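Please examine the structure shown below together with its sequence.

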Amino acid sequence: MKLIMNAKVDEKLVYIAFSDKIEQVSIAPIQGDFEQVFDMEGKLLLPGGVDPHVHFNQPGFTQREDFATGSAAAAAGGVTTVIDMPCTSLPPVTSVANFQNKHQIIGENAYVDYAFWGGITGDGYDKTTVEKLWEYGVVGFKLYTISGMDTFKAVSYEQLAGIFSDFEGSDKLFAFHSEDAQTIADASSRFTPEELKNWKNYVPSRPAKAETVAVSKIIEAMQNNRVHIVHISTQDAVEKIKAAKNQGKDISGESCPHYLQFSQDDYEQLLGRLKTAPSVKDKADRDYLRNNLQDLDFLATDHAGCVWETEKEFADFSKIYCGIPGTQTFLNYVVDEFYLTGKISYQELVRLTSKGAAERYGLYPQKGSLEVGTDADFAVFDTEQIYLMNEKDLLSKGKYSPFVGREFKCKLRQTFLRGQLVYDEKLVGEKGAGRLLKREGSKS
């Protein structure tokens, strides 16, 4: 058994005895013979972060990211659980066979624990296959209302209505990339190909209206279904989700650090470092999101890195890959920007960075908790050390970030995964230590 002593949890100094599980939590010293004692010297202790929206691309587009590099970045950011999206795998996770294939390939590469999303595409689906994937433990099913991937096509609203009807009253969770394809097509058609090369026309060609139209149509189509909206970028989408909740609908939503920190005005300086989809919007949307975190169920990163030189370094903005590697900066940003400034409480910090996602996806309290009997996953932050964000520090294949040059007023010092140090101011964990997590209630 090991011991963490003198760590700060919600402004209180605590002692935690643990092996792979938390065995005791106390504000008084814990007596016993300990294999190892970690004196945190009053540093901030959090449950290991849960990043519920990552694209680690394995098997598939591993020239951009793979599970080893992506999960190493997670460990270096205090994230001990990632939930990987089905769409950037080849084949996509749309069947149990594809699920098993993915697990077999990445199992020896993960530095942190992981779960999988299943997927449903516009090419159609088999109800029995969806049922089997759910039984096998996926946390939900990802769908796109617009897609740039030939291997993972968007669903139409007519198909969506059929899916909701087929699974009316079921406990399955359906998550949506919510942008309306026709709205984007109409907006883009107002620009010539030459004009779309200019960063100034990216947001006007992919406007806020696209998100709110799609969210509205998804909510209208809902019957007795469970729905989640990923990477929300607009005030209107949050308000529509909030209204639907007030009407008794089982719907949740997430946003990402880049939508809380940046606006379309930042493209001029950051260019490809900030390009993602949905695009960041105007300052009013940004300010609304950051001032209404209580209306978001949790935060995620939509981590989607790539190699800068091959997919980001273009003068033609239309050619730049849409994606930001965010899992390594996730907790550092939220601690610095919102907790240390007093904008959110410790409980809100935990909800936004671990507990909220773990609860929604059937992984709580195993993850996102400091309760006795749960996994000994910890992120330890030094809140008295300044950290200047250097892109060379990123363990992702994507050595770029919109937070480049930011001075964080805290720094991650250590990450524990099930009681083992995986990051100690450098990566010290073993590749393959991460385990597959399955949603509570799954049968496999």
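The model is predicted. It holds 29 aromatic pairs. Two helix contacts are described, one of α4 with α7 and one of α2 with α3.

**Aromatic pairs**

- A pair of aromatic rings is described by the distance of the centres and the angle of the planes.
- The structure has 29 aromatic pairs. In one of them, Phe262 with Phe403, the ring centres are 5.2 Å apart and the planes stand at 55°, so the pair is tilted.
- Phe262 belongs to the loop between α9 (257–261) and α10 (267–270), while Phe403 belongs to the loop between β16 (387–388) and β17 (407–408); the pair therefore ties together parts that are 141 residues apart in sequence.
- Phe262 and Phe403 are both buried.
- For Tyr339 and Tyr346, the ring centres lie 6.3 Å apart and the planes are at 70°; an angle over 60 degrees counts as edge-to-face, so this pair is edge-to-face.
- Tyr339 is buried, and Tyr346 is buried as well.
- A cluster is formed by Tyr125, Trp134, Phe141, Phe164, Phe167, Phe174 and Phe176, which are linked through ring pairs.

**Charges over rings**

- Trp134, one of the residues in that cluster, has the charged end of Arg439 over its ring, 3.5 Å from the ring centre.
- Lys275 is placed over the face of Tyr202, 5.1 Å from the centre of the ring.

**Helix packing**

- Two packed helices are described by the angle between their axes and the distance between the axes.
- Helix α4 (residues 157–166) and helix α7 (residues 208–221) have axes that come within 9 Å and cross at roughly 35°. This crossing of α4 and α7 is right-handed.
- On the α4 side of the contact are Tyr157, Leu160 and Phe164; on the α7 side are Ala214, Lys217, Ile218 and Ala221. By class, the contact of α4 with α7 comprises six nonpolar residues, no polar residue and one charged residue.
- Val96, Phe99 and Gln100 of α2 meet Lys132, Leu133 and Tyr136 of α3. The residues of the contact of α2 with α3 are four nonpolar, one polar and one charged.

**Two residues and their surroundings**

- Is Phe330 buried or exposed? Its relative accessible area is 0%, so Phe330 is buried.
- Phe330 is located in helix α13 (residues 330–339). Phe330 and Asp51 are separated by 279 residues in sequence, yet their C-alpha atoms are 8.3 Å apart in space.
- Apart from neighbours within four places in sequence, Phe330 is in contact with Val50, Asp51, Val79, Pro257, Leu299, Ala300, Thr301, Leu352 and Thr353.
- Asp282 is found in the loop between α10 and α11. With a relative accessibility of 33%, Asp282 counts as partly exposed.
- When residues up to four places away in sequence are not counted, Asp282 touches Ser263 and Gln264.
- Between Asp282 and Thr94 there are 188 residues of separation in sequence and 36 Å in space, C-alpha to C-alpha.

**Backbone features**

- Pro278 lies in the loop between α10 and α11 (283–291).
- Pro365 is situated in the loop between α14 (346–360) and β15 (378–382).
- Glu11 is not a glycine, although its phi is positive, about 70°. This residue, Glu11, lies in the loop between β1 (2–9) and β2 (12–18).
- With a relative accessible area of 54%, Glu11 is exposed.
- His231 is likewise a residue other than glycine with a positive phi, near 30°. The loop between β12 (226–229) and α8 (235–246) contains His231.
- The relative accessible area of His231 is 2%, so His231 is buried.

Key. Residues are numbered from 1 along each chain as its sequence is written. This is a predicted model: local features need pLDDT of at least 70, side-chain atom pairs count only at pLDDT 80 or more; totals for chains, interfaces and linings use all residues. Side-chain values use heavy atoms; hydrogens and water are left out. Rings of Phe, Tyr and Trp (its six-membered ring) pair if their centres lie within 6.5 Å; planes under 30 degrees apart count as stacked, over 60 as edge-to-face and the rest as tilted. Helices (H or I, at least four residues) and strands (E, at least two) are DSSP runs, numbered from the N terminus. Buried means under 20% relative accessible area, exposed over 50%, partly exposed in between (1.4 Å probe, protein chains only). A charge sits over a ring if NZ of Lys or CZ of Arg is within 6 Å of the ring centre and within 35 degrees of the ring normal. Axes are lines fitted to C-alpha atoms, for helices over the stretch in contact, and angles run from 0 to 180 degrees between N-to-C directions. A crossing is left-handed if the near helix is turned anticlockwise from the far one by less than a right angle, and right-handed if clockwise. Contact means heavy atoms within 4.5 Å. Ala, Val, Leu, Ile, Met, Phe, Trp, Tyr, Cys and Pro count as nonpolar, Asp, Glu, Lys and Arg as charged, and the others, Gly among them, as polar.
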